[in-house]
Number of protein chains: 2
Amino acid sequence: MMETDKNAPVGVFDSGVGGLTVVREIMRQIPEERIVYFGDTARVPYGSKSADTVIRYSRQIIRFLQTKKVKAIVIACNTASACALDVVAEETDIPVIGVINAGARTAVGATRNGRIGVIGTEATIGSGIYTRVMQRLRPDIQVAGKPCPLFVPLVEEGLLHDSVTDEIASRYLSSLKEKYIDTLVLGCTHYPLLRSTLRRLMGEDVVLVNPAYETAIELKGLLQERGLGRDPEAPLEGEQYQFYVSDLAEKFTSFATSILPGAVKETRKIDIENY
Amino acid sequence: MMETDKNAPVGVFDSGVGGLTVVREIMRQIPEERIVYFGDTARVPYGSKSADTVIRYSRQIIRFLQTKKVKAIVIACNTASACALDVVAEETDIPVIGVINAGARTAVGATRNGRIGVIGTEATIGSGIYTRVMQRLRPDIQVAGKPCPLFVPLVEEGLLHDSVTDEIASRYLSSLKEKYIDTLVLGCTHYPLLRSTLRRLMGEDVVLVNPAYETAIELKGLLQERGLGRDPEAPLEGEQYQFYVSDLAEKFTSFATSILPGAVKETRKIDIENY
């Protein structure tokens, strides 16, 4: 096997813009790394699609990222992590990690009463994966999942602080509150943008877990362990950060700039169906 | 040129399930016709995508429908009609019609004060096509367009009669009410499902135009004019109605059965990216 180039970039992908919250954490934790990001803005959302379709799309994206010679891949999307990680990690010859293991581990470490809530898309909650991973770590954990399908469109419409979002969130969270959870996993990369609404509705005593932070830590450990960390002194060949999407590159650049000021010089559109 | 088979089916497509409201009108107006329907449920919604992407998707679907030997095609999606009809009609050797001309014509015929409102997706309203078509018919018409991006997710969540939908609709419609429109085009195939909410908010004096009805009439006229109408006495070779989707066939069958009781025996899933 050819030796992997330590100076190669890390590939990160998501169904759209949500994965940029994971990119932000990677930039903070391991600022020396190069990143190639792909957002599948033509086919977003993934959360209402079948597992088969999400696996097919993830394979195309991994083939694309491999043309960029990435040394590792982060699936920065809960739905794709839930539906596709096990399958694609097996068939890919570089390390692939998702966001769910890190989020589940953090939640299990944080709970005091053993009752954890998980909110996410229909595909993520329907897969039951958070429950399986958390109960593998600690079998007596009780997990209550709740799909919140309107959160993504509400966030994308910018209604982050709005009476309609409050009303919808209050309906979604009521069944979790009734179960006295003390920890809530934000199991979709869009949801951290609703943190203040969720915080107010759940109260100060419930820990809100954002898997993006722990995923960046996991990536850092993985790269160190395998001797794949980039030498901070090595010259940067080309751009440090590259952004690709399947549609609407300009809209992506403007959204990305609000999350990652200064990092997004240009977004390139590619035809992902050709990979 | 080979003579077209009058007994061939009509192809109808949409980004998902919304186009079934057009199918329902075709079944009522020309019950002898055969129909092949395709719903792009893997890549729904179209309304937030670029025109380029919608054109590429429409071409793939037309290639698929032509493998079913259709004699004419109805684009039963406002976004695809707005972005792709002119391009694909030119390059296809059978007649292709959309829903916008019929809807625009009906609205121009219905208005008394010359002020028409149009609601639709961001792509449909952003294209300005309703305004262009209506002003070609009657240059002094004033058209006010309003994108309503949350209506599709609200309908798909089943919140047809809900205080949240009322609140969102009331925000979207307020700018149209201020312009004293007397006619409102429901420029997205999902919106007729919100008819009672829209009716209540706009009042009894505003005419609500659903382009599906007029599109079926236009198809009927086109088939007659070109000698393409199916002979009601001819034996049906195979099924009268066929339904295809790009994802989640069972979910589609159950939704379709609620709109077209008895018509949907089976829905087949195909890989549309291969066309």
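I superposed chain A on chain B: a rotation of 180° with 0.0 Å of shift along its axis does it, at RMSD 0.0 Å (least squares on the C-alpha atoms of residues with pLDDT of at least 70 in both). That is the relation of a two-fold axis. I looked up which residue of chain A comes closest to the rotation axis, and Arg43(A) does, at 2.6 Å (C-alpha). The same surface serves both copies, as 100% of the contact residues of chain A recur in chain B (contact means heavy atoms within 4.5 Å).

This is a predicted model, where local features need pLDDT of at least 70, side-chain atom pairs count only at pLDDT 80 or more, and totals for chains, interfaces and linings use all residues. Residues are numbered from 1 along each chain as its sequence is written, chains are lettered from A and ligands numbered from 1 in the order in which they are written, and side-chain values use heavy atoms, with hydrogens and water left out.

I turned to strand 2 (residues 35-39) of chain A, where five of the five residues are buried (under 20% relative accessible area, 1.4 Å probe, protein chains only; strands are DSSP runs of E, at least two residues, and helices runs of H or I, at least four, numbered from the N terminus). Ile35(A), Tyr37(A) and Gly39(A) point one way, Val36(A) and Phe38(A) the other.

I checked its partners (pairing needs at least two DSSP bridges). Strand 1 (residues 10-14) of chain A pairs with strand 2 of chain A in the parallel sense over five bridges, with Val12(A) opposite Tyr37(A). Strand 9 (residues 241-245) of chain A also pairs with strand 2 of chain A in the parallel sense, over five bridges, and Val36(A) stands opposite Gln242(A).

How values were computed. Buried < 20%, exposed > 50% of the residue type's maximum accessible area, 1.4 Å probe, protein only.
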